[in-house]
Amino acid sequence: MVAELALTDATRIADIAAARARFGDRTPVLVETTLLRRRAPEKLGKLGDVSTWLFTDEALQQATAAPVAQHRARRLSVSGAVVHDATCSIGTELAPLRDAGVAAVGSDIDPVRLAMAAHNLGSGTILCRADALHPVTRDAIVVVDPARRSGGQRRFNPADYQPGLGELIDCYRGRDLVVKCAPGIDFESLGRLGFDGEIEVTSYRGSVREACLWSGGLVEPGVRRRATVLDRGEQLTDAEPDECAVRAAGRWIVDPDGAVVRAGLVRHYGARHGLWQLDPDIAYLSGDSLPPGVRGFEVLEQLDFDERRLRQVLSARGCGVLEILVRGVQVDPDALRRRLRPRGSQSLSVVITRLGSGSAARATAYVCRPSY
């Protein structure tokens with residue numbers, strides 16, 4: 001019955017009252033489960049029908065988006081080894097492993113989430129209650145997704161993960177280990193923790209989703225950083241050439257995908273696609289043609305960044321819809337857009353960046369037409 005209720009902002013009070021009349025004290029749990037099931041397909045829909053799954057709000061928030069988990073499962077399937085998800089939670093990493101034909105087992109310290117995983121995955125999946133810092137498997141690849149939220153708040157320090165990242169690396173040293181981390185993790189800190197494998201940064205739908213650590217036994221020789229752009233099926237590693245010139249803007253400016261930037265592979269990306277940098281320390285690239293399927297900005301005019309002059313140029317070009325991209329310059333795009341007051345009918349983009357360094361540094365603006 002609860003699943004049939006609208007539970008919108010306009011009807012929620014009446015709907016909850018109706019549910020409480022029938023289900024009493026169970027109503028809050030039933031309502032929360034219904035609302036979570038409605039949210040889940042956006043994130044997990046590619047796993048199949050999740051309309052009967054059980055969730056907690058925190059577990060759904062922390063769950064890996066299905067395409068990212070499926071990518072990891074495909075990569076793990078190549079090894080042919082058993083995979084042990086040592087923080088399996090409600091089963092969102094085990095489901096794609098199962099679908100990829102990987103022999104997998106799951107464990108978690110939380111008995112409630114473990115029971116949810118058993119319900120969500122059905123029979124055939126081996127599950128047990130265990131602490132991730134007390135290994136219960138041998139010769140298996142261990143996958144760990146340490147909790148990075150507590151009470152709805154994100155934890156940014158790897159030492160505050162649950163379990164702590166340093167403890168995990170020490171616990172499984174010498175074993176094949178995969179650890180999901182926040183995308184903003186300090187790469188240099190990983191070296192201090194003794195990690196010497198590959199860092200894979202993955203993006204999906206234009207957003208950087210995670211940095212995944214792969215221990216040395218699971219990586220290609222010479223690869224320490226990888227960018228994976230799932231929307232385009234593109235992967236890039238630091239083992240590829242990085243000869244990338246620095247020169248003035250050509251026809252197009254390219255803002256590389258966030259996974260490429262976060263992984264520190266901008267030069268490698270430029271070398272792969274025949275692009276060059278506008279500045280050696282800035283992530284914008286330029287070229288005379290765009291990589292396939294990549295959005296770019298066709299340069300119409302270049303000027304030293306000055307708001308008054310920029311307003312004049314945009315007004316002369318009839319700009320009404322304005323997109324502002326900024327790197328290397330302290331500019332708030334939203335505040336600048338309000339001050340520029342675009343009034344026309346044309347859609348334009350402005351790329352503002354710093355060129356040069358030290359006393360020679362200057363802020364430059366490129367007025368552009370977006371490719372789409």
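Q: At the start of α12, which residue's backbone nitrogen does a side-chain oxygen of aspartate 332 reach?
A: That side-chain oxygen comes to within 3.0 Å of the nitrogen; helices here (H or I, at least four residues) and strands (E, at least two) are DSSP runs numbered from the N terminus. Keep in mind that this is a predicted model, where local features need pLDDT of at least 70, side-chain atom pairs count only at pLDDT 80 or more, and totals for chains, interfaces and linings use all residues. Residues are numbered from 1 along each chain as its sequence is written, and side-chain values use heavy atoms, with hydrogens and water left out. The nitrogen belongs to aspartate 334.

Q: Why do the buried residues of α12 line one face of the helix?
A: Helix α12 spans residues 333-340, and its buried residues (under 20% relative accessible area, 1.4 Å probe, protein chains only) are Ala335, Leu336 and Leu340. Look down the axis and take the directions from it to the C-beta atoms. Those residues line one face because they fall within an arc of 135°.

Q: What covers the buried residues of α12?
A: Contact here means heavy atoms within 4.5 Å. α11 also packs on a sheet, touching β15, β16, β17 and β18. The cover over α12 includes α11 (307-316), β16 (319-327) and β17 (346-355).

Q: Which residue of β17 stands opposite valine 326?
A: Strands β16 and β17 run parallel and are joined by eight bridges. β17 is mostly covered, with seven of its 10 residues buried. Opposite valine 326 you find isoleucine 352.

Q: What are the edge strands of the open sheet of seven strands?
A: The order is β13-β14-β12-β15-β18-β17-β16, with mixed pairing; strands pair if DSSP finds at least two bridges between them. At one end, β13 runs antiparallel to β14 (residues 285-287), joined by two bridges, and glutamine 277 faces leucine 285. Pairing on one side only, the edge strands are β13 (276-277) and β16.

Q: How many of the residues of strand β2 are buried?
A: Ala104, Gly106 and Asp108 point one way, Val105 and Ser107 the other, and all are buried. So the strand, residues 104-108, is largely enclosed by the rest of the structure. The count is five of the five.

Q: Which residue in β2 is the bridge partner of valine 83?
A: Strand β1 (residues 83-85) pairs with β2 in the parallel sense, over three bridges. β1 also runs parallel to β4 (residues 141-144), again over three bridges, with histidine 84 opposite valine 142. For valine 83, the partner is alanine 104.

Q: What are the edge strands of the sheet that nine strands form?
A: This open sheet is ordered β3-β2-β1-β4-β7-β9-β8-β10-β11, and the pairing is mixed. Each edge strand pairs on one side only, and the two are β3 (126-129) and β11 (234-237).

Q: How many residues does the largest nonpolar core have?
A: A nonpolar core is a set of buried Ala, Val, Leu, Ile, Met, Phe, Trp, Tyr and Cys residues joined through side-chain atoms within 4.5 Å. Among the residues with the most contacts inside the largest one are Leu165, Leu213 and Tyr269. Apart from it lies another core, of 32 residues, including Leu76 and Met116. The largest has 36 residues.

Conventions: Buried < 20%, exposed > 50% of the residue type's maximum accessible area, 1.4 Å probe, protein only. Polar contact = N/O pair within 3.5 Å; in protein donor to acceptor, adjacent residues only side chain to side chain. Axes fitted to C-alpha atoms, helices over the stretch in contact; angles between N-to-C directions.
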